[in-house]
Amino acid sequence: MRFFDCTMRDGGNVVGCGFDAALTRMMIEGLLDNGITEIEFGNAKGIGAYENSHAIAPLNDEQYLDLARPYFSRGTLGMFLNAKRYTEASVDLAAEKGLAFLRVGANAGEGAALSLKPIKYIKKKGLKAYYSLMKAYVSSAKELAEEAKMLEDAGLDAVTIMDSAGTMLPEEVSEYTESLVKAVKIPVGFHCHNNLGLSAANAVAAWKAGAAMLDCGLLGMARSAGNLATEVGVALMQRYGQAEEVDFYGLLGFLDSQLIPAMKERDYHAAITPLDLVLGMTGTHSSFVATFKKVAAEEGVALYRLIAAVSARDRSNPSEGLMRETARSLRK
């Protein structure tokens with residue numbers, strides 16, 4: 001399972017049309033340092049929107065590209081391209097700066113009319129061409145699979161089913177994902193919005209139905225009710241034995257120490273805190289948190305790793321003695 005982090009594109013909607021340079025740099029480094037290497041960044045409306053649609057962000061496309069360029073060797077970084085705003089000049093700029101991919105987006109059913117030309121030009125310029133089937137639910141699963149196959153034949157490298165309104169139920173996610181996985185050979189992804197509180201359940205449904213990629217956003221940041229939170233997606237997949245390459249506790253440390261304080265200043269708060277996520281990940285009841293915090297501070301060990309280590313031995317009624325014994329073993 002691959003995580004495709006959209007924080008610096010879709011997540012930019014929580015602050016307007018994109019993040020400033022400091023936040024963009026901070027999030028790219030936080031993701032790469034902790035093993036998440038497929039990243040979509042830039043203007044929330046996509047490349048070309050700043051100039052052509054008055055989607056004014058703190059940086060223009062060229063400035064975002066120059067900022068991210070030093071990180072291109074560490075991951076697969078790209079931008080979104082709304083098919084309605086396609087110009088050869090935008091693709092030329094992305095290619096000139098060394099971007100890895102452009103992800104074309106169009107509403108389901110509009111691919112033949114809007115997307116074949118940009119896909120072919122992106123491939124001609126040597127970039128990978130990804131695709132978002134936006135508002136996927138307006139087509140049937142069969143129609144969407146046929147459209148994905150048509151786009152694959154045009155040269156596409158990956159295709160994502162986008163639940164743009166967060167309206168799909170887990171059984172629908174399974175049906176659509178299975179249908180596309182059977183129809184194409186390229187990786188199929190899923191983009192879960194959280195308007196019905198189902199982003200995590202839908203992510204699991206997509207993975208079980210054969211999806212190879214999950215879109216996500218740090219702290220759930222995205223348009224409207226947000227996306228699958230990256231850290232929640234990692235916790236879920238690691239409980240299923242997936243995504244072991246991601247440093248889950250390292251990622252939480254980044255959120256606690258850098259991103260959450262920075263976003264608090266912008267009046268954005270995550271629905272699930274890193275501590276609450278660790279309790280869910282490890283099966284630890286919240287009534288033990290105060291004792292865990294006291295022992296972790298007195299013994300000089302990381303709180304989350306202590307909770308994880310103790311819960312592996314006793315999730316029912318962990319004693320302070322067990323916590324201290326475990327803390328001392330962690331220090332060795």
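The chain exposes about 13500 Å², and carbon and sulfur atoms supply 49% of that. Those accessible areas come from the Shrake-Rupley method with a 1.4 Å probe; for residues, only the protein chains shown count as cover.

Before I go on: this is a predicted model, where local features need pLDDT of at least 70, side-chain atom pairs count only at pLDDT 80 or more, and totals for chains, interfaces and linings use all residues. Residues are numbered from 1 along each chain as its sequence is written, and side-chain values use heavy atoms, with hydrogens and water left out.

Overall size next. The C-alpha atoms fill a box of roughly 65 × 40 × 30 Å along the principal axes.

How much of the chain is buried? Of the 332 residues, 55% count as buried. Buried means under 20% relative accessible area, exposed over 50%, and partly exposed in between, with a 1.4 Å probe and protein chains only.

Now the fold. We have 15 helices and 8 strands. These are DSSP runs, numbered from the N terminus: helices are H or I, at least four residues, and strands are E, at least two. The 8 strands close into a barrel, in order from β1-β2-β3-β4-β5-β6-β7-β8, with parallel pairing. The twist averages 25 degrees from one strand to the next. Two strands pair if DSSP finds at least two bridges between them.

Look at β3, residues 76-82, and β4, residues 101-107. They run parallel, joined by 5 bridges. M79 has L102 in β4 as its bridge partner. Helix α6, residues 116-124, packs on the sheet and touches β3, β4 and β5. Its direction makes about 155 degrees with that of β5. Axes here are lines fitted to C-alpha atoms, for helices over the stretch in contact, and angles run from 0 to 180 degrees between N-to-C directions.

On to β7, residues 188-192. 5 of its 5 residues are buried. V188, F190 and C192 point one way; G189 and H191 point the other way. β6 pairs with β7 in the parallel sense over 5 bridges. C192 in β7 is the bridge partner of D163.

What fills the inside? The largest nonpolar core has 110 residues, and F41 and L259 have the most contacts inside it. Its largest share, 9 residues, comes from helix α11, residues 248-264. A nonpolar core is a set of buried Ala, Val, Leu, Ile, Met, Phe, Trp, Tyr and Cys residues joined through side-chain atoms within 4.5 Å. A second, separate core has 6 residues, including F4 and M213. In soluble globular proteins, nonpolar side chains tend to be buried together.

Next, helix α10, residues 230-239. Why call α10 largely enclosed? Because 8 of its 10 residues are buried. Those buried residues pack against β1, α9, β8, α11 and α12. Just after α10, G241 takes a positive phi of about 80 degrees.

Last stop: L275, in helix α12. At 16% relative accessibility, L275 counts as buried. L275 touches V289, K293, L303, Y304 and I307, not counting residues up to four places away in sequence. Contact means heavy atoms within 4.5 Å. L275 and I307 are 32 residues apart in sequence, and 9.7 Å apart C-alpha to C-alpha.
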